[in-house]
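Hi everyone, thanks for coming. Let me bring the model up on the screen, and then we can walk through it together.

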Amino acid sequence: MKAEFDLLEADRSRRRSSSYNVVQIPLLRLVGLTLVAIGVLVHNYFFLRIFSWTEFLEIASIQVGYSLASWLILYLYYEKFKLFNLGEFFLHLDVLLLVVAVYYSGGERSWLFFLLIFRTVDQASRSFRTVMAFAHESVFAYVLLIFYLVFVEHRDISVPTEISKVFILYAANLYIALTAVQALRNRTIAAMRVARDLTAQLREKSDQLEESKNKAEAANLAKSQFLAIVSHELRTPLTAVIGFANVLMKDKNKKLDSHEILYLERIVENGKHLLRIINDILDLTKIETGHLALEIGPVPLEALVRQIFAEFEEQIREKDLSLRMECHDHTAKLETDQVKLKQVLLNLIGNGIKFTEKGSVTVRVQVNEATRVPSRIDVIDTGIGIPSDRLESVFDAFQQVDNTNARAYGGAGLGLTISRSLCGLMGYRLTLESKVGHGSTFSIHLN
Ligand code: ADP
């Protein structure tokens, strides 16, 4: 992911640099050097009192011709040429074109010698070394021009005047380079300060987050431990209550009347309901605290489902309901934790029966065509269904579609929470599709 990001970023910065060197700079060069040619014309007319179209056309074609030729070379070769940076090369070559402009505006008589500070000015935002290189190059190019005028054209040149001009040029270039560096340093210091402050803020925020996370984890652990202790403490006396109520119900001495037997039956019934809820809470806390280990072995799915159906025989006898099993012949055994898978199926089939008055509850096992290993188990009922806005929340602890369900159908809203957690533990996914009035399909995705 990081490598991918780096590649993308590198590509973006390469394209930025290419558009800067192949489009922006050449366009500026063309405009700048054309203006320089016009500047030479104006300078010669007003300062040297000379007006020559021939000379103007000469200098204009040199400047424009050079701009267009360098643009073409950059366009064709900027990406391909690897020996040195072509964009940078033309930036340095431009200095010579400025010297040519000084030559055409009278050489030693030109007032345009200050043009030679331009490159240092327009590159001032770059590194100290680059700015200094342009500063020295500009002065050196002017000195070369003077040598040319003296030794090739044999012009009569005032040495003190030229030394002063070189000195002025050098001082101006150095001044620009040094102030640029100071500005650069200030900008860098400001940016570093901002970066340092941001890092400190980030560190503080991440410390706070870490602290909150630790606190939340500690609170969650304390809650789970509390629930485990309370559930355990409730379970022991409750088992005794149910046990003794059962003993009394047998009424060995035949002393109890029918009312008293009914009360005892209620005690046992409510006690068992309470015990189921307490066991569910204990299961959930065990999953949350990671105290539930898997015991993997080969599981014959069809046999397991038939065994579960048998447990519900009593319950469906009172309803107009059939239990169905759809499973391919020669389905391979599933390698999983039988006890936990049974607990999930018991809950899903139990819910199907609980929320379906007539029709069917079907368990359909889908297999991988090649290996015959089960790939999905659907528990499909034709019951009351679940509204679309509750399809996710029914998996949250203590959530029921309608809280009056608790009274109508029993249950505490923990079964699906436990089922989804157990599926996760076994590496499966539990999903739900449903339509109110038509039924629900819970699917265990096994891979
Ligand atoms: P419980 O059944 O103990 O209340 P569950 O977590 O198993 O808890 O189910 C939560 C809620 O989801 C149920 O109370 C019911 O509203 C809804 N529900 C679960 N299964 C079905 C189903 N097959 N048909 C309709 N509603 C269902």
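Let's start with Trp53, which lies in helix α2 (residues 53-77); helices here are DSSP runs of H or I with at least four residues, strands are runs of E with at least two, and both are numbered from the N terminus. A word on the source: this is a predicted model, where local features need pLDDT of at least 70 and side-chain atom pairs count only at pLDDT 80 or more, while totals for chains, interfaces and linings use all residues. Residues are numbered from 1 along each chain as its sequence is written, and side-chain values use heavy atoms, leaving out hydrogens and water.

Is Trp53 buried or exposed? Trp53 is exposed, at 52% relative accessible area; exposed means over 50%, buried under 20%, and partly exposed in between, with a 1.4 Å probe and protein chains only.

Trp53 also belongs to a nonpolar patch on the surface, whose members include Leu27, Phe51 and Trp111. Together the patch residues have about 1,200 Å² of accessible area, by the Shrake-Rupley method with a 1.4 Å probe and, for residues, only the protein chains shown as cover. Patches take residues with over 30% relative accessible area and no salt bridge, joining like charges within 9 Å and nonpolar side chains (Val, Leu, Ile, Met, Phe, Trp, Tyr) within 5 Å. Helix α1 (residues 2-46) gives the most to this patch, seven residues.

Now for the salt bridges. Side chains of opposite charge can pair when their charged atoms come close. We count a salt bridge when a side-chain nitrogen of Lys or Arg is within 4 Å of a carboxyl oxygen of Asp or Glu, and this structure holds 18 of them. Arg29, Asp94, Arg119 and Asp122 are linked in a network.

Look at helix α6 (residues 159-250), where Lys165 and Glu162 sit three residues apart, about one turn of the helix. Their side chains meet in a salt bridge, 3.2 Å from N to O. Lys165 is buried at 9% relative accessibility, and Glu162 is buried too, at 6%.

Next, which residue does Arg364 form a salt bridge with? The partner is Glu326, with the closest N and O atoms 2.8 Å apart. This pair links distant parts of the chain, since Arg364 is in strand β4 and Glu326 in strand β2, 38 residues apart. Arg364 is partly exposed at 32%, as is Glu326 at 34%.
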